[in-house]
Number of protein chains: 2
Amino acid sequence: MQSQTSSLGEFELIQRFFKTQSELMLATIPGSVKLGIGDDCALLKMDSTEELAITSDMLVSGRHFFPDANPEWLGWKALAVNLSDLAAMGARPLGFTLALALPEANSAWLEAFSKGLFAIANQFACPLIGGDTTAGPLNICITAFGSTPKDNAICRSGALAGDDIWVSGAVGDARLALAALRHELELESRDIEAIAVRMHQPTPRVQLGIALRGVANAALDISDGLLGDLRHILKQSGKDAEILLDRIPKSITLRKQSQTIQNQYAANGGDDYELCFTAASNARDVITKISRDLNLPLTQIGIIKAMKHSTPELELIGSSGTKLNPEEANQLLKSFDHFA
Amino acid sequence: MQSQTSSLGEFELIQRFFKTQSELMLATIPGSVKLGIGDDCALLKMDSTEELAITSDMLVSGRHFFPDANPEWLGWKALAVNLSDLAAMGARPLGFTLALALPEANSAWLEAFSKGLFAIANQFACPLIGGDTTAGPLNICITAFGSTPKDNAICRSGALAGDDIWVSGAVGDARLALAALRHELELESRDIEAIAVRMHQPTPRVQLGIALRGVANAALDISDGLLGDLRHILKQSGKDAEILLDRIPKSITLRKQSQTIQNQYAANGGDDYELCFTAASNARDVITKISRDLNLPLTQIGIIKAMKHSTPELELIGSSGTKLNPEEANQLLKSFDHFA
């Protein structure tokens, strides 16, 4: 990509890369947006039969992405991680705001960034409705809005004893792609190609989240690693769980790796943006149908149990059908902490 | 302030400085928040008779504040600038999300920051409902939500020919405080004390915005400078305006400065967070009553006129009652551009 720096001012920048495309989307998507970019606030129409789901994620250069990351992928991913949070509540996307700090008003970078951003915005009918731009170290903060039918959002706190635990798609590929990028291990180029998209342009499971309304009792999206994130459900629901490690779905590419790598990356690799959810066992047929309709694998990997002690416990069952010892389990339970 | 650095993890940090106080507020403010911090999304209850106003502002170290800025003031100001945007639409605050990038998890800094943040949050009954924390160069991104009665938000586009142009409070003090901090000019210490609060802890005009529903035809908050911001109203309303410079309200402290400094700082100093609004001339009595009720000066500084040419024009009338020449006018019309 050509690194052409221009002397764009703030208003010209917003107009050229964001406002025009935002207006195009608002003109074609019949939605809840009454007023978009250009006033002190955006305005959304409300509906008493709905609730508004709100999520905010901040992506920082050097922490969430490499400083030389492809800006088109970055635009995609910045919205994808927020849509993934909406999906986890069963919310339908309504729109988003973008606050962007840029070291310089580089038009080539901005053009690519906005291309990726509007590609996913259009795919999920989620228009840009406002935001802020400023000079500063590269930082992308998106706040996204979605609607769920009243009292129907899927929360982390709803898991019931006896629920199946499910996960969508396959997990661990984004971590494998990161390992290859960092040269922690070597992959064939066709393997890198196969999984790079999972790291750079994850697909938020929006349709799945909507389909799970009234079916799932609890859900979250897997951003910091499957098992670490699952523990949030256990904590907020006050439940134990048992996970069959061999059932955790892995891609063909990940299954070429050592058993240790497979287990580690699938269990707590992070950056997966799949959904983990729980549902009563009598919902299995419905869930199988949802999987078929969406052409998205959904795998039952364990069960929710009543809490035996004062804190939630997560039992990990290995290949032999026996419980992992505490040391083995701890290795797999490490979740990502931004300040660790 | 003691600079005590601890090894707080992300979740402990959120819990200690944000979640507990957020939960306290939600327990005491009967409001629209159904679900706060701790799930994939926050949830707001909706009402078909209302519209939701949304605004997002990003504050960056070295650009919006000095790197060694008092974190308590910073916490206040980060929410104040967003509440000011809600005020400009006539919206009542409902809640906000906070995305925060921090170089380190410094508990003394965080304690002071959250103190300032919750001080203003409590004052305006606007609870923290969600967000994100990450390591990175200091960056504060707040997205705030408010409600306005349906079809009653005050937009920039509604100014009518013949409207009076009003401004609340006094403008230019924040710029004067900045000049003193930068040693561009010398002030007596009691003068610095008198105006420092205008720079560090501005008061968003939330009650004024709500009182102006159905009274003001157009409004915005003054963040980049009075005259530059006023031009957004002219542009979006397709109108000209005439401003009597001598009428622009200035504090006693600013009036001690040279006429040039007074005019410059009041006209385009920026960071004022007062409201500029337009209203029919027959609303003067109502506006005078609002001013008295809120104990807040409201000053009529000019009038809106039909647009004479193809672009909006802003005529500035000086002390002598004559129009400023283009060069003088341009000096006063420079607005703040983050990439200029």
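**Reading a predicted two-chain model**

Tutor: The secondary structure of chain A comes to 10 helices and 12 strands. Please keep in mind that this is a predicted model.

Student: What radius of gyration would a compact globule with 340 residues have, and what does chain A have?

Tutor: For 340 residues, a compact globule would have a radius of gyration near 20 Å; the value for chain A is 21 Å, which agrees. Along the principal axes, the C-alpha atoms of chain A fill a box of roughly 65 × 50 × 35 Å.

Student: What is the order of the strands in the open sheet of six strands?

Tutor: The order is β5(A)-β4(A)-β6(A)-β3(A)-β2(B)-β1(B), and the pairing is mixed. At the edges stand β5 (128-135) of chain A and β1 (33-35) of chain B; each has a single partner strand, so one side of each is left without a neighbour in the sheet. On average, neighbouring strands of this sheet are turned by 20° against each other, direction ignored.

Student: Which strands of chain A and chain B do the four bridges join?

Tutor: They join β3 (residues 50-60) of chain A to β2 (residues 42-45) of chain B, and these two strands run antiparallel. One bridge partner to locate is B:Lys45 in β2(B), which pairs with A:Glu51.

Student: Which helices of chain A lie across strands of this chain?

Tutor: Helix α2 (residues 71-88) of chain A lies across β3, β4 (92-102) and β6 (139-149) of chain A, at about 140° to β3(A). Helix α3 (residues 107-123) of chain A lies across β4, β5 and β6 of chain A, and runs at about 165° to β4(A).

Student: What describes two packed helices?

Tutor: One states the angle between their axes and the distance between the axes. In chain B, helix α8 (residues 259-268) packs with helix α10 (residues 326-333) at an angle of about 55°, and their axes are 8 Å apart. This angle makes α8(B) oblique to α10(B).

Student: Which residues in α8(B) and α10(B) meet?

Tutor: From α8(B), B:Asn263, B:Gln264, B:Ala267 and B:Asn268 take part; they meet B:Gln331, B:Leu332 and B:Leu333 in α10(B).

Definitions and conventions: Residues are numbered from 1 along each chain as its sequence is written. Chains are lettered from A and ligands numbered from 1 in the order in which they are written. This is a predicted model: local features need pLDDT of at least 70, side-chain atom pairs count only at pLDDT 80 or more; totals for chains, interfaces and linings use all residues. Side-chain values use heavy atoms; hydrogens and water are left out. Two strands pair if DSSP finds at least two bridges between them. Axes are lines fitted to C-alpha atoms, for helices over the stretch in contact, and angles run from 0 to 180 degrees between N-to-C directions. Contact means heavy atoms within 4.5 Å. The radius of gyration is taken over C-alpha atoms; the globule rule is 2.2 Å times the number of residues to the power 0.38. Angles under 35 degrees count as roughly parallel, over 145 as roughly antiparallel, 65 to 115 as roughly perpendicular and the rest as oblique.
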